[in-house]
Amino acid sequence: MKTLITYSTLTGNTQKVAEAIFEILEGEKEIMPMKNVKDLASYGRIIAGFWVDKGEANQEAGEFIGKLKNKELGIFGTLGAYHDSDHATRCIANVIARVSKHNKVIATFLCQGAIDPKIITRIKEMAALSSGRNAITPERKQLWKDAAGHPDQQDLENAKRIFSVFNL
């Protein structure tokens with residue numbers, strides 16, 4: 001069964017994870033950005049990656065995975081929040097809910113990833129305009145600093161381990 005590893009990326013984080021997964025997969029496989037995928041019929045298995053935007057897969061990835069039917073799926077993503085946060089749990093659950101009705105989800109993975117500097121600038125601008133509601137706290141600054149170092153080698157190894165189930 002042919003496997004497609006595909007991804008949508010803003011900063012390159014999701015592509016790094018996709019490439020790590022691709023390295024360990026056996027058998028017939030292809031890797032490409034979602035925007036380049038033309039035909040889904042030739043793939044029995046799809047491993048799709050996204051970056052989190054507003055608690056969900058980014059728009060491009062959301063539209064792509066929404067079209068998937070009767071596939072064995074792997075779902076992975078990157079987000080600025082900590083991978084073990086409640087926010088991360090809700091994000092992956094939202095994506096699984098979107099695809100699990102018409103597909104069989106085999107594996108999922110979510111890790112922290114560097115945040116696009118433009119997004120951080122936008123958050124700072126919004127905080128300056130609000131009355132403290134979106135304050136830039138020391139905790140938020142630490143989150144941004146921590147995210148800048150991800151995905152790291154441990155994240156990539158974790159993704160490889162989780163998606164090795166596709167080799168069974």
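I started with lysine 54, which is exposed, with a relative accessible area of 77%. For the record, buried means under 20% relative accessible area, exposed over 50%, and partly exposed in between, using a 1.4 Å probe and protein chains only. This is a predicted model, so local features need pLDDT of at least 70 and side-chain atom pairs count only at pLDDT 80 or more, while totals for chains, interfaces and linings use all residues. Residues are numbered from 1 along each chain as its sequence is written, and side-chain values use heavy atoms, with hydrogens and water left out.

Lysine 54 has a positive phi of about 55 degrees, although it is not a glycine. I found lysine 54 in the loop between strand 3 and strand 4 (56–57). Helices (H or I, at least four residues) and strands (E, at least two) are DSSP runs, numbered from the N terminus.

I then checked asparagine 70. Its phi is near 60 degrees, a positive value in a residue other than glycine. Asparagine 70 sits in the loop between helix 2 and strand 5. Asparagine 70 is exposed, with a relative accessible area of 71%.

Next I looked at the peptide bonds. The one from histidine 150 to proline 151 is cis, with omega near -5 degrees. Proline 151 lies in the loop between helix 5 (138–147) and helix 6. I noted these spots because most residues other than glycine have a negative phi, and most peptide bonds are trans.

**Cores**

Which residues touch the most other members of the largest nonpolar core? I listed Ile46, Phe50, Phe64, Ile65, Ile75, Leu79 and Leu110, out of 24 residues in that core. A nonpolar core is a set of buried Ala, Val, Leu, Ile, Met, Phe, Trp, Tyr and Cys residues joined through side-chain atoms within 4.5 Å. Strand 3 (45–53), helix 2 (59–66), strand 5 (72–79) and helix 3 (86–99) are the elements that give two or more residues to this core. Helix 3 gives the most, with five residues.

A separate core has 16 residues, among them Ile5, Ile21, Ile47 and Phe109.

Not counting residues up to four places away in sequence, leucine 79 touches Val52, His87, Ala88, Cys91, Leu110, Cys111, Gln112 and Gly113. Contact here means heavy atoms within 4.5 Å.

Is glycine 113 buried or exposed? Glycine 113 is buried, with a relative accessible area of 2%. I placed glycine 113 in the loop between strand 6 and helix 4 (117–129). Leaving aside neighbours within four places in sequence, glycine 113 is in contact with Asn13, Thr78, Leu79, Gly80, Ala147, His150 and Pro151. The C-alpha atoms of glycine 113 and valine 17 are separated by 9.9 Å, and the two are 96 residues apart along the chain.Threonine 108 lies in strand 6 (residues 104–112). Threonine 108 is partly exposed, with a relative accessible area of 30%. Not counting residues up to four places away in sequence, threonine 108 touches Ile75, Ile92, Ile96, Ile162 and Phe163. Threonine 108 and glycine 49 are 59 residues apart in sequence and 9.7 Å apart in space, C-alpha to C-alpha.

**Helix packing**

Axes are lines fitted to C-alpha atoms, for helices over the stretch in contact, and angles run from 0 to 180 degrees between N-to-C directions. Angles under 35 degrees count as roughly parallel, over 145 as roughly antiparallel, 65 to 115 as roughly perpendicular and the rest as oblique. The contact is made by Lys16, Val17, Ala20, Ile21, Glu23 and Ile24 of helix 1 and Leu156, Ala159, Lys160 and Phe163 of helix 6.

I then took helix 2 and helix 3, which pack at an angle of about 30 degrees, with their axes 9 Å apart. Helix 2 and helix 3 are therefore roughly parallel to each other. Gly62, Glu63, Ile65 and Gly66 of helix 2 meet Val95, Arg98 and Val99 of helix 3.
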